[in-house]
Amino acid sequence: MNNSIAILGAQWGDEGKGKIVDLLTEKCDAVVRFQGGHNAGHTLVVEGKTTILHLIPSGILHNNVKCIIGNGVVLSLDALSEEIEILRKSNITVDGKLLISDGCPLILPVHIELDKARELKKGKSKIGTTGRGIGPAYEDKISRRGIRLGDLSNPETLKDILKELLDYHNFVLKNYYECKTFDDVKMYEKLLSDYETYKKYIIDVPEYIDLAFKNKKKIVFEGAQGTLLDIDHGTYPFVTSSNTTVGGIFTGSGVSPKKLNYILAIVKAYTTRVGSGPFMTELFDNDGEQLSKIGHELGATTGRERRCGWLDLVALKRSIVINGFTGICLTKVDVLDQFKEIKVCIEYKNNAPVYKNFDGWMTDITKIKNYDDLPEKTKIYIGAIESYLGVPIDIISNGPGREQNIFKNKIL
Ligand code: GDP
Ligand code: IMO
Ligand code: MG
């Protein structure tokens, strides 16, 4: 049986990762975020109540699950405190559950300003970022200029590295972008006081994970964004600034590749994308509008409309090459319930998608619990995707609710 599961987006994000992480962590002991930051928006719907998580791992609704933020995550302490407060209002506590690596690079207000200023300057050629400071924070990490959570424990050195960082960015903000600059004294004091609040959550994440496995615990690794947004393997430059693919798990949490024994792809039964960049199967017709409307395709983080299109199996094949998925969870299949005809891209020809058409099942599948009870036409659609991709579809998600799933194969 699997005791460590990676849950990764196989498209451009928003595939329904949060829902599946919440579902599978019910039987696990810990969930680890290993990349991205509060650019993510993961939606959980439990008994009709919706919770949207950005930074806190999607296991937080379970009382006995540890929610770990690994070193690969860029951490905004402001965003974290907002999220903790929202959860507190719903009577969900993070104490005793939330654990954070001291290696997390911090997202500071200056990174957010830089992110926005850059996008503004780029005008039409902008990436369409979430404006959360993700790119600039990762750049500071790579340039070895960044401040990590653990650095806040040493007030003396913090003062120096913060000043150096702000001197550098203030120069660019003032002279290149002609926008506001930041005061290092104020930020220094704020960071020291934040540290007092958050130091109790800090642990040595690699040690913790290693020990957990030795004690036969089960761990989920929760991806953010999606494969096609990966900094190395995605549709560069229209990508995010982290490794959203399987390799990010090891660098971003400190777990050994030998420990991972199941890699689950979350695949939306059609395709969506937020922000700019290529999108081969994008629709600009009534079908696109219907996907958007029925699928409620509005960004969970920025509220922006998601661009919609048919499922792209060519892109998914690439995603499989990179991640080596063990199995697939096909989500939002119910969104296709009322389509007379469903298309799936199986090839690109002359820079355009070639589609295979399927008869729609024209039936409400949202209450179905067993694979055998699905309409024959749904099974044909699912079977065709499975055989084209050569990876089993182990789970079918047929609604936003925690209970709306069909397990075709047992994975835990
Ligand atoms: P994530 O970023 O991958 O966690 O996905 P998001 O939460 O950003 O977007 C997925 C959206 O689809 C959310 O509103 C979910 O509640 C919803 N959702 C997830 N799975 C299903 C499903 O199988 N059917 C339907 N209709 N909605 C779903
Ligand atoms: P989840 O985890 C969808 C997109 C942005 C933009 C690009 C770069 O909910 O699937 P960034 O702010 O990261 O520098 O923006 O990446 N993007 C997402 N799109 N879902 C997400 O997260 C995303 N996080 C970032 O729209 O195109
Ligand atoms: Mg999302």
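The points below go through selected local features of this predicted model.

1. Asp14 belongs to the loop between strand S1 (4-9) and helix H1 (17-25), whereas Gly41 belongs to the loop between strand S2 (30-33) and strand S3 (42-46), so the pair ties together parts that are 27 residues apart in sequence. Of this pair, Gly41 has a relative accessibility of 11% and therefore counts as buried, the cut-off being under 20%.

2. Two packed helices are described by the angle between their axes and the distance between the axes. For helix H3 (residues 109-122) and helix H4 (residues 134-142), the axes come within 7 Å and cross at roughly 120°, which makes H3 oblique to H4. The crossing in which H3 passes H4 is right-handed. On the side of H3 the contact is made by His111, Leu114, Asp115 and Arg118, and on the side of H4 by Ile134, Pro136, Ala137, Glu139 and Asp140. Sorted by class, the residues of this contact comprise 4 nonpolar, 1 polar and 4 charged.

3. Helix H10 (residues 313-323) packs against helix H11 (residues 376-389) at an angle of about 50°, and their axes are 10 Å apart; the two helices are therefore oblique to each other. H10 passes H11 in a crossing that is right-handed. The residues that make the contact are Leu313, Val314, Leu316, Lys317 and Ile320 of H10, together with Ile385, Tyr388 and Leu389 of H11. By class, the contact of H10 with H11 holds 7 nonpolar residues, no polar ones and 1 charged.

4. Ile320, a residue of helix H10, deserves a separate remark. Its relative accessible area is 16%, and Ile320 is therefore buried. Leaving aside residues up to four places away in sequence, Ile320 touches Phe325, Leu389 and Val391. Between Ile320 and Val391 there are 71 residues of separation in sequence, while the C-alpha to C-alpha distance in space is 8.4 Å.

5. The peptide bond that joins Tyr236 and Pro237 is cis, with omega at about 5°. Pro237 is found in the loop between strand S8 (219-222) and helix H8 (247-253).

6. Glu47, although it is not a glycine, has a positive phi of about 50°. Its place is in the loop between S3 and strand S4 (49-53), and with a relative accessible area of 79% Glu47 is exposed.

7. Lys332 likewise is a residue other than glycine with a positive phi, here near 60°. Lys332 is found in the loop between strand S13 (327-331) and strand S14 (341-349), and its relative accessible area of 21% makes Lys332 partly exposed.

Methods. Residues are numbered from 1 along each chain as its sequence is written. Chains are lettered from A and ligands numbered from 1 in the order in which they are written. This is a predicted model: local features need pLDDT of at least 70, side-chain atom pairs count only at pLDDT 80 or more; totals for chains, interfaces and linings use all residues. Side-chain values use heavy atoms; hydrogens and water are left out. Axes are lines fitted to C-alpha atoms, for helices over the stretch in contact, and angles run from 0 to 180 degrees between N-to-C directions. Helices (H or I, at least four residues) and strands (E, at least two) are DSSP runs, numbered from the N terminus. Angles under 35 degrees count as roughly parallel, over 145 as roughly antiparallel, 65 to 115 as roughly perpendicular and the rest as oblique. A crossing is left-handed if the near helix is turned anticlockwise from the far one by less than a right angle, and right-handed if clockwise. Contact means heavy atoms within 4.5 Å. Ala, Val, Leu, Ile, Met, Phe, Trp, Tyr, Cys and Pro count as nonpolar, Asp, Glu, Lys and Arg as charged, and the others, Gly among them, as polar. Buried means under 20% relative accessible area, exposed over 50%, partly exposed in between (1.4 Å probe, protein chains only).
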